[in-house]
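Here are some notes to read beside the model. Keep the structure open and check each point as you go.

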Amino acid sequence: MDFLKNILLVCTSRSFGGLELNTIRLAAWLREKGWNPKLVVAAGTEMENKAKESLQQVISVRSVNTISKLFFIRRLVKKEKIALLFTPLNKDIAALSLYKRLFNRKIKLIYQQQMLVGVNKKDPVHRFRYAMIDRWICPLDYLKEEVLARTNIPASKIEIIPLGADTARLTKNNIGKVDARIVLDLPQKKRIVGILGRIDPMKGQDTLIKAVAMMKNDPEKNFDVVLMGAVTNDHSDEFIGSLYNMVDESAIRDRVHFRPYNEKIELFYKAIDVFAMASQNETMGMVTLEAMSSGVPVIGTNRAGTAEILERGKLGFLFEPGEPSDFCRAMGELIKYPELDAMIAAARSQVEIKYSKEVMLNKMDVLFRQLLAK
């Protein structure tokens, strides 16, 4: 029955970052896998614009309060013959779970966690809401432990399915470093550390700038840094202004390169020598996986998903978030590390084995079929 492949993928976020981009990718990839996802997004958002550029079945909802979404979902499920509800956005669980409780107990509801739970959610409201979830997907083991500690979701309902990286796109990239640096207007003869992500205080771009300043007179460790990412809100406008001031005050304008986000991310990874994941508390970090898959060594913060992906230092180098001097130490270790090529190869292999797009889709395919067979 073809209608059993109809998935309503709901993400009414008004922001646009990793979660939203991952959701658009997932909708496209599920279609490649043979499913029929219909993506629901908030009207008038950057996510709506991006989704409509690459997807055919995008449904926009104007009002995103819980009651409006509840009845919007009710109409859509009936009209589109939906068999499975899926959301990566915690705020959308309220409407989806209420729909299931009130109108359709047989439909399956899946939540894909992409953010920390953060605070305890064992109160009656969350217990009532989460009781309707059939499967809670955690991308990493540490997140499962957090869910078990902070919610009443039973272990039997939790699945570990990492977010998948499009490794084929990165490993089949034939552009050379010289050409990539020409395209991005970066110096050819410098060691370049790259950081990719929206310009935001939580992403740690200031830590990298401070580290550049600390090592500018060290002939062994000195490096340039390229900061690639978009300014996504007014708060970030303030922050990027402070970054420019920091660069000027440290007299390192020739060593810090600001670049807007480029969708051809393979150019970025090919152009850099080291990737920095400087976020203070990254839930998972697709960019870390992309760097590993591209054969770029990683220096990442010793926190949350980054530490787990880098296997506590086996697949990359760790430093304490917000500590530029500790980043300098990690850079020194990387430069002198005798088994760096072996580490890079092991990191790339681990992404293929555990974190690739294909691995994620195969696990989701099995999960969806098991739920729908019940």
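1. Start with a term. Helices (H or I, at least four residues) and strands (E, at least two) are DSSP runs, numbered from the N terminus. With that in hand, find R312. R312 lies in the loop between helix 13 and strand 13 (317–319). Keep in mind that this is a predicted model.

2. Now the whole chain. The protein chain has 16 helices and 13 strands. Along the principal axes, the C-alpha trace spans about 65 × 40 × 40 Å.

3. Of the 374 residues, 55% count as buried. The accessible surface of the protein chain is about 16,700 Å², and carbon and sulfur atoms hold 50% of that area.

4. Look at charge. The protein chain carries 57 positive and 44 negative side chains. The centres of the two sets lie 9 Å apart.

5. Return to R312 and its backbone. Most residues other than glycine have a negative phi. R312 is not a glycine, yet its phi is positive, at about 55°. Is R312 buried or exposed? R312 is exposed, because its relative accessible area is 56% and the cut-off for exposed is over 50%.

6. A304 sits in helix 13 (residues 304–309). The relative accessible area of A304 is 17%, so A304 is buried; buried means under 20%.

7. Move to I93, in helix 4 (residues 90–103). I93 counts as buried, at 1% relative accessibility. Which residues does I93 touch, leaving aside neighbours within four places in sequence? I93 is in contact with T87, L98, Y111, R129, Y130 and I133. H126 is 33 residues from I93 in sequence. In space the two are 9.9 Å apart, C-alpha to C-alpha.

8. Finish with helix 16 (residues 357–373), which has 17 residues. From first C-alpha to last, helix 16 reaches 24 Å, close to the 24 Å expected at 1.5 Å a residue. Its buried residues are K357, V359, M360, L361, M364, D365, L367, F368 and L371. Note that K357 and D365 are on that list of buried residues.

How values were computed. Residues numbered from 1 in each chain as written. Predicted model: local features only at pLDDT ≥ 70, side-chain atom pairs only at ≥ 80, totals over all residues. Heavy atoms only, no water. Buried < 20%, exposed > 50% of the residue type's maximum accessible area, 1.4 Å probe, protein only. Areas by Shrake-Rupley, 256 points an atom, 1.4 Å probe, with all protein chains shown as cover. Lys, Arg positive; Asp, Glu negative; His and termini not counted. Charge placed at Lys NZ, Arg CZ, Asp CG, Glu CD. Expected span 1.5 Å × (residues − 1). Contact = heavy atoms within 4.5 Å.
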